[in-house]
Amino acid sequence: MSKDKAPITDKARYARLRREAIGQGLRRLYDGVVHEPVPDEFMDLLKKIDESTDPERAPS
Amino acid sequence: MMGRSAMDRPTQSTGNSDDTFKAELLTLVPYLRAFARSLSGRHEGADDLAQETLVKAWQSRSSYLPGTNLKAWLFTILRNQFYSERRRAWRQEPWDSEKAANLHSYSESQTAAADLSDIARALQALPNEQREALILVGAGGFAYEEAAKIINCAVGTVKSRVARGRRALMAILDGDEQLPMSDRPPEGEAAREILSQLDRLVPHHGGDKRR
């Protein structure tokens, strides 16, 4: 993501490592939710939405 | 308001395209939940927000242009919903650290779980504009251009917000800044809103989901 243009000082190196760790953390937070099982409410909601526009397909 | 115009609506049979649309909505639910939770920093309210987004998306489905980025379209709706709702109803409440620790559930096998909850909290400390840019680009993997469309701002603006957000997050996590208080929605507020929307959508919808 960032290019190393200046000579790498300890401080810059630390900052880069921190930045990478934080970036990874952000992605893990997000991905963690993405990979959770979807609660049933969402299926129920989409089913209801369906019935609302297509009454003939109401569940048996 | 809702994103793209419907000027090039295709001439598919509505039944089929509705089915397809709904199936696509379903596949994107996990991303809506992730965006809602990162944006709001909340667990329960976030799912309500994601559900409201689905309802809104369904109601506005004729304005979605097939073949364009549905995920980005949904995120735009979710974002609008989030900010308008927060303006309306969510208010400041003391930060609940136990709740905060549970905001994101992740498996123990992931290392540095404590670190992650720190990041989750620090993210909520950022200004809205930096937080959303960072979530979309840094976590959600959107290109700057896509994020700019969702946020409705210039690409350069997204870039600078992401950069500032990263620096601010780092400063907070390094202890240069205080973690702030957070706000939570009143219990059940968003759920009631969804149900009332559903009542409008589904006239015969009974009280079956009410607790």
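Start with helix H2 of chain B, residues 44-59. Helices here are DSSP runs of H or I, at least four residues, numbered from the N terminus. At 1.5 Å a residue, its 16 residues should span 22 Å, and the end C-alpha atoms are 23 Å apart, which agrees. The expected span is 1.5 Å times one less than the number of residues.

H2(B) is mostly covered, with 13 of its 16 residues buried. Buried means under 20% relative accessible area, with a 1.4 Å probe and protein chains only.

A word on the source: this is a predicted model, where local features need pLDDT of at least 70 and side-chain atom pairs count only at pLDDT 80 or more, while totals for chains, interfaces and linings use all residues. Residues are numbered from 1 along each chain as written, chains are lettered from A in the order written, and side-chain values use heavy atoms, without hydrogens or water.

Next, Asp18(B). It sits in helix H1, residues 14-40 of chain B. Asp18(B) is buried, at 18% relative accessible area. Beyond its neighbours within four places in sequence, Asp18(B) contacts Trp58(B) and Arg61(B). Contact means heavy atoms within 4.5 Å. Asp18(B) and Trp58(B) are 40 residues apart in sequence, yet 8.9 Å apart in space, C-alpha to C-alpha.

Last, a helix pair. The axes of H7(B), residues 144-151, and H8(B), residues 155-173, come within 8 Å and cross at roughly 100 degrees. That makes H7(B) roughly perpendicular to H8(B), a term for angles of 65 to 115 degrees. Among the residues that meet are Tyr144(B) and Ile151(B) from H7(B), and Val155(B) and Arg161(B) from H8(B).

Methods. Axes are lines fitted to C-alpha atoms, for helices over the stretch in contact, and angles run from 0 to 180 degrees between N-to-C directions. Helices (H or I, at least four residues) and strands (E, at least two) are DSSP runs, numbered from the N terminus. Angles under 35 degrees count as roughly parallel, over 145 as roughly antiparallel, 65 to 115 as roughly perpendicular and the rest as oblique. Buried means under 20% relative accessible area, exposed over 50%, partly exposed in between (1.4 Å probe, protein chains only).
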